[in-house]
Amino acid sequence: MAFGENIRKLREKANLTQQQLADRLYVSRQTISRWESGVRCPDLVTAKKLAMELDISLDELISDEEVKNMPEHMYFWRGPEWEEKRKLKEYKKGLYRLLEVVSSIFLVVMIFSGGMNAKIPLWCTLMAGGIVGAIWLSIFMMDKKIGE
C-alpha cells in the first residue's frame with residue numbers, strides 16, 4: 001500500500017476529516033490532501049506527529065506491510081548480529097572496569113611503597129604491564145570485531 005493511501009486509510013479509521021487532522025497537526029487541509037494523493041510527503045517531525053495523532057507507531061505509518069505481523073528476525077536491530085555486538089560491548093565495558101582496577105592497584109602499590117623512588121620488584125612491574133597490555137589488546141580486538 002502506498003504511503004498516501006496508508007494515511008487516508010488510517011485517518012478514516014480514526015473518523016477524522018482532512019480538515020480535522022490538519023487542525024491537529026497545524027497544517028492546511030490541502031497539505032493533508034497532497035500527502036494522501038502522493039504529491040508530497042510530510043517531513044520526519046511532522047510524520048512523527050501524524051503517527052501520534054493516528055495512535056500508531058511511525059513504523060506502522062510508513063510501512064507497506066503489517067508491522068505487527070512481521071517475524072522478529074526481520075528487525076535488523078533485534079537480529080543475531082545485533083545481539084552479538086551488544087554482548088561484545090558489555091564484555092568490553094567489563095574489560096575497561098578491569099583495566100581501572102588493575103591500574104588502581106598498581107598505583108596504590110606505588111604510593112605505599114615510597115612513590116617514584118620505590119624499589120618495586122621488576123616481576124611486579126612486568127606482571128602489571130603484561131596484564132594492562134593484554135586488556136588493551138583485548139579491547140582493540142573487540143573494537144575490530146564490533147566494527148568501531
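**Figure 1. Contact between helices α2 and α4 in the predicted model.** In this predicted model, helix α2 meets helix α4 through L21, R24 and L25 on the α2 side and K49, L50 and E53 on the α4 side. Sorted by class, the residues of this contact are three nonpolar and three charged, with no polar residue. Helix α2 covers residues 18–25 and helix α4 covers residues 44–53; their axes come within 10 Å and cross at roughly 120°. Because of that angle, α2 is oblique to α4. The crossing of α2 past α4 is right-handed.

**Figure 2. Contact between helices α2 and α3.** The axes of α2 and α3 come within 8 Å, and the crossing angle is roughly 110°. An angle from 65 to 115 degrees counts as roughly perpendicular, so α2 is roughly perpendicular to α3. From α2, the residues that make the contact are Q18, Q19, L21, A22 and L25; from α3, they are R29, I32, S33, W35 and E36. The contact of α2 with α3 has five nonpolar residues, three polar ones and two charged ones. L21 and L25 of α2 also take part in the contact with α4.

**Figure 3. Contact between helices α1 and α3.** The axes of α1 and α3 are 6 Å apart, and the two helices pack at an angle of about 120°. This angle is why α1 is described as oblique to α3. Helix α1 contributes G4, E5, I7, R8 and R11, while helix α3 contributes I32, W35 and E36. Among the residues of this contact, four are charged, three are nonpolar and one is polar. I32, W35 and E36 of α3 also belong to the contact with α2.

Figure 4. W35 is part of helix α3, which spans residues 29–37. Its relative accessibility is 4%, so W35 counts as buried; the cut-off for buried is under 20%. Apart from neighbours within four places in sequence, W35 is in contact with G4, I7, L25, V27, R40, C41, P42, T46 and L50. The C-alpha atoms of W35 and R8 are separated by 8.6 Å, although the two residues lie 27 residues apart along the chain.

**Figure 5. R11 and K9 in helix α1.** R11 is found in helix α1, residues 3–13, and K9 lies in helix α1 as well. R11 has a relative accessibility of 8% and therefore counts as buried. With neighbours within four places in sequence set aside, R11 is in contact with L16, T17, Q18, L21, I32, E36 and L54.

Figure 6. N15 sits in the loop between α1 and α2. Its phi is near 55°, a positive value in a residue other than glycine. The relative accessible area of N15 is 67%, so N15 is exposed. Y26 sits in the loop between α2 and α3. Its phi is also positive, about 60°, and Y26 is not a glycine. Y26 has a relative accessible area of 77% and is therefore exposed.

**Figure 7. Overview of the chain for the close-up views.** The protein has seven helices and zero strands, in the order α-α-α-α-α-α-α along the sequence. Of its 148 residues, 28% are buried. Among contacts with a separation of 6 or more, 55% join residues 24 or more positions apart. The protein exposes about 10,900 Å², and 60% of this area is supplied by carbon and sulfur atoms.

Definitions and conventions: Residues are numbered from 1 along each chain as its sequence is written. This is a predicted model: local features need pLDDT of at least 70, side-chain atom pairs count only at pLDDT 80 or more; totals for chains, interfaces and linings use all residues. Side-chain values use heavy atoms; hydrogens and water are left out. Helices (H or I, at least four residues) and strands (E, at least two) are DSSP runs, numbered from the N terminus. Buried means under 20% relative accessible area, exposed over 50%, partly exposed in between (1.4 Å probe, protein chains only). Contact means heavy atoms within 4.5 Å. Accessible areas come from the Shrake-Rupley method with a 1.4 Å probe; for residues, only the protein chains shown count as cover. Axes are lines fitted to C-alpha atoms, for helices over the stretch in contact, and angles run from 0 to 180 degrees between N-to-C directions. Angles under 35 degrees count as roughly parallel, over 145 as roughly antiparallel, 65 to 115 as roughly perpendicular and the rest as oblique. A crossing is left-handed if the near helix is turned anticlockwise from the far one by less than a right angle, and right-handed if clockwise. Ala, Val, Leu, Ile, Met, Phe, Trp, Tyr, Cys and Pro count as nonpolar, Asp, Glu, Lys and Arg as charged, and the others, Gly among them, as polar.
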